[in-house]
There are 2 protein chains.
Amino acid sequence: MPFNPQDPRVKKTRQGMRDAFARLILQKGYDAISIQDIAEAAQTARITFYRHYRDKEELLTDCLNTLYEELRAKAKPITLEGVLSGDSPVRLLYEHIEEQEMLYRILFSSRGTQTVIERLRHHLAAQAMESIRASGREIPHDIPLDIIAYHVASGQIGLAMWWLDQNKPYTADYMARISLWLTLTGLIETMGETGIRLPRPLPDERA
Amino acid sequence: MPFNPQDPRVKKTRQGMRDAFARLILQKGYDAISIQDIAEAAQTARITFYRHYRDKEELLTDCLNTLYEELRAKAKPITLEGVLSGDSPVRLLYEHIEEQEMLYRILFSSRGTQTVIERLRHHLAAQAMESIRASGREIPHDIPLDIIAYHVASGQIGLAMWWLDQNKPYTADYMARISLWLTLTGLIETMGETGIRLPRPLPDERA
DNA sequence: TCACTCTGTTACACTATGTATCTTATGGCA
DNA sequence: TGCCATAAGATACATAGTGTAACAGAGTGA
């Protein structure tokens, strides 16, 4: 189906589908939605759906890819000074969540989104690695860099999910700073340093 | 349907369904599975499925609830000494993942599981709070305890997901220690302490 | 205006779902 | 051992959703 994405009719149809779909997901959940429902809510014919998307999944991907591309477009070059002064990737994430709250609620809650969350996690992990490189410091105990990066990214995404789930009890700015602070300092002030058995270096531990 | 769960016929039927379902999910994915498929794979009649479960979702919940209950049953009282010597909730998690790898793969990859992952996150968050309380220390900067707990739990789950996704490149023991270490000390050794703007206390930041 | 493209209408075959009815098999117990 | 309660199997059916086809009508842009 070689549709022309520039055609105003096509634009209108697809935008209508995306909007209707987002509304329906929040209203009754991904699984309970039929193609019929989407077509009706978008005030279009059922067959028109099939002309543009193979299935629900593809429409959802269309919705969330746009979201992800938007976040990526916001990314700036990473410097240690920028990160420490609060101009961090996690701050951009919280700003973007504020702008696109409805879509992030779908991303974090629905089911057809595992791949997009995975992409977001990869993205944040890559940025974490870049931040660590920008710091120019040695990694302690030879902990593999990708492990660190995924731990950081997972904590950041998890905290953002918690924030939306709790209906944003704190400001995005506060959350971004907390997230960065926990990532950087962990619980060391709380738990204390004494007695922590550091992991041994890597080679002994290969499975 | 007041079935007797003790009846050996019932036990056999349900166990067969659970096993068949787990195999099918890993084989072709949750969405692509029909009730027919499950019944066939379990070598039973389609109608028998409906006698025991309302839909796919309920069968999946049955599978994963068992998993979650098993993990919960392993939990021990938390002490600071136990946590620091490596006898931590996250170690139990990794041990359990090794024991039930197939089901955890389903839990972490499939779609019908958001609620169970959420429950796992709550569980780990609750244990993190308990660990912090057991330490008897003050929480720095009045950071809300639940924020810390969810950050910790998310990092731990995310790292475990990464580990399975990468086909377990390191031992469970090593992963558990890394996870604990990152949680406790963060990246402070890597990024350094200077220049980090700590979050201001809470009251100014309420949304 | 005209050619082209997109959308709407109607229709159809196919598959999965959920339920009902009746028959057969199984396990516990006197 | 034979009986009884209960679970599983076989068959059938109504319903809903899916995916596709053919044709008519509306919109876009030159």
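**Notes on helix packing and the DNA surface**

1. In this predicted model, helix α9 of chain A (residues 145–165) packs with helix α9 of chain B (residues 145–165) at an angle of about 130°, and their axes lie 7 Å apart. Angles over 145 degrees would count as roughly antiparallel and those from 65 to 115 as roughly perpendicular, and α9(A) and α9(B) are therefore oblique to each other. The crossing in which α9(A) passes α9(B) is right-handed.

2. The residues that α9(A) brings to this contact include Ile147(A), Tyr150(A), Gly155(A), Leu159(A) and Trp162(A), while those from α9(B) include Ile147(B), Tyr150(B), Gly155(B), Leu159(B) and Trp162(B). Sorted by class, the residues of the contact of α9(A) with α9(B) are 12 nonpolar and 8 polar, with no charged ones.

3. Within chain B, α1(B) packs with helix α7 (residues 101–109) at an angle of about 55°, the axes being 10 Å apart, which makes α1(B) oblique to α7(B). The crossing of these two helices, α1(B) and α7(B), is left-handed.

4. Ala22(B), Ile25(B) and Leu26(B) of α1(B) make this contact with Met102(B), Leu103(B), Arg105(B) and Ile106(B) of α7(B). By class, the contact of α1(B) with α7(B) holds 6 nonpolar residues and 1 charged residue, but no polar ones.

5. Two or more residues of the surface near DNA strand C are given by each of α1 (8–28) and α3 (46–52) of chain A, and by each of α1 (8–28), α2 (35–41) and α3 (46–52) of chain B. That surface near DNA strand C has 8 nonpolar, 6 polar and 5 charged residues.

Conventions. Residues numbered from 1 in each chain as written. Chains lettered and ligands numbered in written order. Predicted model: local features only at pLDDT ≥ 70, side-chain atom pairs only at ≥ 80, totals over all residues. Helix = DSSP H or I, 4+ residues; strand = E, 2+ residues; numbered from the N terminus. Nonpolar A, V, L, I, M, F, W, Y, C, P; charged D, E, K, R; others polar. Axes fitted to C-alpha atoms, helices over the stretch in contact; angles between N-to-C directions. Parallel < 35°, antiparallel > 145°, perpendicular 65-115°, else oblique. Left-handed = near helix turned anticlockwise from the far one by under 90°. Contact = placed C-beta atoms within 7 Å.
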